[in-house]
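Take a moment with the sequence and the model below. We will walk through the strands, then turn to the core.

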Amino acid sequence: MAVLSQLVDNVVVSTIELTGPLVQIGRRGDCDLRIDEISVSGQHALIEVELNAYLEGAVDYYITDTNSTNGTFINDVRLSGRQRLNSNDMVRIGWNLFRFLDEEENSLEKTAYILEE
């Protein structure tokens, strides 16, 4: 299971589980992750939860900025288009900072087998 943990001064102040298949982020009341702050657009970003095409039982998380005013940033790079989230990515939405954590991703990396040619 993956989560977004909101950070203030490097301290986790809240956490939301990404249970999908879609997680809407924004200021509007109908968003799954509601951030009531002026730097956040009404519908700011969208996280899509999808089954991995290659690893049975694995899940991938993709984030898309939905034409927000102040942008969505992944590891301090402004998002343009759709991007896969990796565990420990820092996600900034407006002035709000989140850490994406995916426990399953870390365990899959440990069991990956790479064929050598």
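Strands β1 and β11 run antiparallel, joined by 6 bridges. The model is a predicted one.

Now move along to β10. It also runs antiparallel to β11, through 4 bridges. Here Val91 sits opposite Phe98 of β11. The two strands make a hairpin with 2 residues between them. Gly94 lies in that turn, with a positive phi of about 65°.

β11 has two faces. Asn96, Phe98, Phe100 and Asp102 make up the covered one. Leu97, Arg99 and Leu101 make up the uncovered one.

On to β7, residues 72-74. It is antiparallel to β10, with 3 bridges between them. Ile74 stands opposite Val91 in β10.

Now put the strands in order. The open sheet has 6 of them: β2-β1-β11-β10-β7-β8, with antiparallel pairing. β2 (11-17) and β8 (77-78) are the edges; each has a single partner strand, so one side of each lacks a neighbour in the sheet.

Next, the core. The largest nonpolar core holds 21 residues. Leu4, Leu18, Ile25, Ile47, Ile63, Leu85 and Val91 touch the most other members. Two or more residues come from each of β1 (2-8), β3 (22-26), β5 (45-51), β6 (59-65), β10 (90-93) and β11 (96-102). β5 gives the most, with 3 residues.

Which residues does Leu85 contact, leaving aside its neighbours within four places in sequence? They are Ile47, Tyr61, Ile63, Ile74, Val91, Phe100 and Glu105.

Note on methods: Residues numbered from 1 in each chain as written. Predicted model: local features only at pLDDT ≥ 70, side-chain atom pairs only at ≥ 80, totals over all residues. Heavy atoms only, no water. Core = buried A, V, L, I, M, F, W, Y, C linked by side-chain atoms within 4.5 Å. Buried < 20%, exposed > 50% of the residue type's maximum accessible area, 1.4 Å probe, protein only. Contact = heavy atoms within 4.5 Å. Pairing = 2+ DSSP bridges.
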